Amino acid sequence: MTLSKHPKTLLVIVAEAMLEQRLVADARARGAQGWTVSAVHGGGQEGVREGAWEADRTVELKVICDAAVADAIAEHVMATYVPNYSVVLYFCAVAVLRPDRY
Amino acid sequence: MIDVVVLFFLLGVFARLVKSDLRLPEALYETLSIYLLLAIGLKGGIELSKQPLAALAPQVAACIALGLAIPFVMYPLARALRLARADAAALVAHYGSVSVVTFAVASAALARKGIEHESHAALWVAVMEAPGLVAGILLARMGRSGVGDWRRVAHDVLFGKSVLLLLGGLAIGAVAGVEGTAPIKAVFIDPFKGVLALFLLELGLVAGGRLAEVRRFGAAVVVIGLGAPPLLALAGALTGLALGLSTGGVALMATLAASASYIAAPTAMRIAVPEANAALSITAALGITFPFNIVVGIPLYITLAQRLTA
């Protein structure tokens, strides 16, 4: 069987854990059909976030979607959260087998 | 003699300073904090079931007033130390709110010294969580247009785990009473101090990590972190005295006033005042004030209460 692969965009957002619910809601409102969240820890220009207690936690949100949806989510995140919160955001080109799921 | 739970805290700080690989799993931290909040609430609730609620109204009102007043009094001082408007507002909100663990250590210290206190004091903790945060948000919003996201803040403070579990525990304890809670006493009441010791070990690790950050923020954070607690404790003690509380009650009220929140406040301030520097507030509250209160402050506040009520 040959696999039929379809191009999609993987949008990855790393942000303060307290933004998780809002980010998920924002992503869904802009057309994301599925998402994955994991707890992570690390550091950057704003300092180290070890995830040791409530206000120190960081999450990584992954959304696979159409490029236009990823752009819409990213634009919103850039305008709403980036000015005041620690946010990492990047895109990857990925291939999926069932395009209607994303 | 220093309280045994404080020694656990110091061990945590030490482990951090010598860069030990000691780290408590996040799930354990979460479990311990849920346990402590529920146990403190339950213990207060059981006592609550023994007395008429109306008699507590003046205490509740005083707690709200104290929580609201602290940020308004501290704000000009923080501004005088050249903190930006948003940073100052967020910082003083942490001090208006309270630290449950500081309260727990103070109760343990009182019990060890055999000093009686109002057993429903957990109610004061629950009541004092929110007013300081409201005051901090009002200060941040002063002279600025826009309504802001009050609904989200209200939801996260009232239904956040600290207030939810404290009030939930109080309610369960009050409804079930002494008899109803007897079957769970072996879990929620008896091992309390051991769990507190373990939790303080973890907080020692966290606070030790914040100590290194102190240099980043300069003298203002140190002045506030060390200077505010004794002054606030005095205000709290006088409030307790005016309410006619017992010696232990006055000491607890002083401790609550002197303590700074590090669970509810950081989250609420991130939502309501996102432009404030969160690391600055946390460094003052958790890196300086918390260790100060645990090690030096609480014995001081107990002595103060004894002098005032003598």
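Modeller: Let me begin with a definition: the radius of gyration is taken over C-alpha atoms, and the globule rule is 2.2 Å times the number of residues to the power 0.38. Please keep in mind throughout that this is a predicted model.

Colleague: What makes the radius of gyration of chain B agree with that of a compact globule?

Modeller: For 310 residues the rule gives a radius near 19 Å, and chain B has 18 Å, so the value agrees with a compact globule. Along the principal axes, the C-alpha atoms of chain B fill a box of roughly 55 × 45 × 40 Å. Chain B is built with 16 helices and 0 strands, and 56% of its 310 residues are buried. Among its contacts between residues at least 6 apart in sequence, 88% join residues at least 24 apart.

Colleague: Why is Ile40(B) called buried, and what does Ile40(B) touch?

Modeller: Buried means under 20% relative accessible area, and Ile40(B), at 7%, therefore counts as buried. Ile40(B) lies in helix H2 of chain B, residues 26-48. Leaving aside neighbours within four places in sequence, Ile40(B) is in contact with Val100(B), Phe103(B), Ala104(B), Ala122(B), Leu166(B) and Phe192(B).

Colleague: Why does Leu164(B) count as partly exposed?

Modeller: The partly exposed class lies between the buried limit of 20% and the exposed limit of 50%, and Leu164(B) has 45% relative accessibility, so it falls in that class. Leu164(B) is part of helix H9 of chain B, residues 161-181, and, not counting residues up to four places away in sequence, Leu164(B) touches Leu158(B) and Phe159(B).

Colleague: What makes the pair of Tyr81(A) and Tyr85(A) edge-to-face?

Modeller: Ring centres must lie within 6.5 Å to count as a pair, and planes over 60 degrees apart count as edge-to-face. The structure holds 5 aromatic pairs over all chains. One of them joins Tyr81(A) and Tyr85(A), with 6.1 Å from centre to centre and 65° between the planes, and is edge-to-face. Tyr81(A) is buried at 3% relative accessible area, and Tyr85(A) counts as buried at 7%.

The rings of Tyr262(B) and Phe290(B) have centres 5.9 Å apart and planes at 65°, so this pair, too, is edge-to-face. Tyr262(B) lies in the loop between helix H14 (247-258) and helix H15 (264-272) of chain B, and Phe290(B) in helix H16 (residues 278-309) of chain B, so the pair ties together parts that are 28 residues apart in sequence.

Colleague: Why is H15(B) described as largely enclosed?

Modeller: With 8 of its 9 residues buried, H15(B) is largely enclosed by the rest of the structure, and so the description follows from that count. The buried residues of H15(B) include Met269(B), Arg270(B) and Ile271(B).

Colleague: Which elements do the buried residues of H1(A) pack against?

Modeller: In chain A they pack against strands E1 (6-16), E2 (36-40) and E5 (58-65) and helix H2 (67-80), and in chain B against helix H8 (150-158) and H15. Among the buried residues of H1(A) are Leu23(A) and Val24(A), and this helix is followed by Gly31(A), whose phi is positive, near 110°.

Colleague: How many residues does each chain bring to the contact, and what area is buried between the chains?

Modeller: Chain B brings 22 residues to the contact and chain A brings 16. The area buried between chain B and chain A is about 1600 Å², of which carbon and sulfur atoms give 46%. On the chain B side, Arg23(B), Glu26(B) and Arg270(B) lose the most area to chain A, together 30% of what that side buries.

Definitions and conventions: Residues numbered from 1 in each chain as written. Chains lettered and ligands numbered in written order. Predicted model: local features only at pLDDT ≥ 70, side-chain atom pairs only at ≥ 80, totals over all residues. Heavy atoms only, no water. Phe/Tyr/Trp six-rings, centres within 6.5 Å; stacked < 30°, edge-to-face > 60°. Buried < 20%, exposed > 50% of the residue type's maximum accessible area, 1.4 Å probe, protein only. Helix = DSSP H or I, 4+ residues; strand = E, 2+ residues; numbered from the N terminus. Contact = heavy atoms within 4.5 Å. Buried area = accessible area lost by both parts, 1.4 Å probe.
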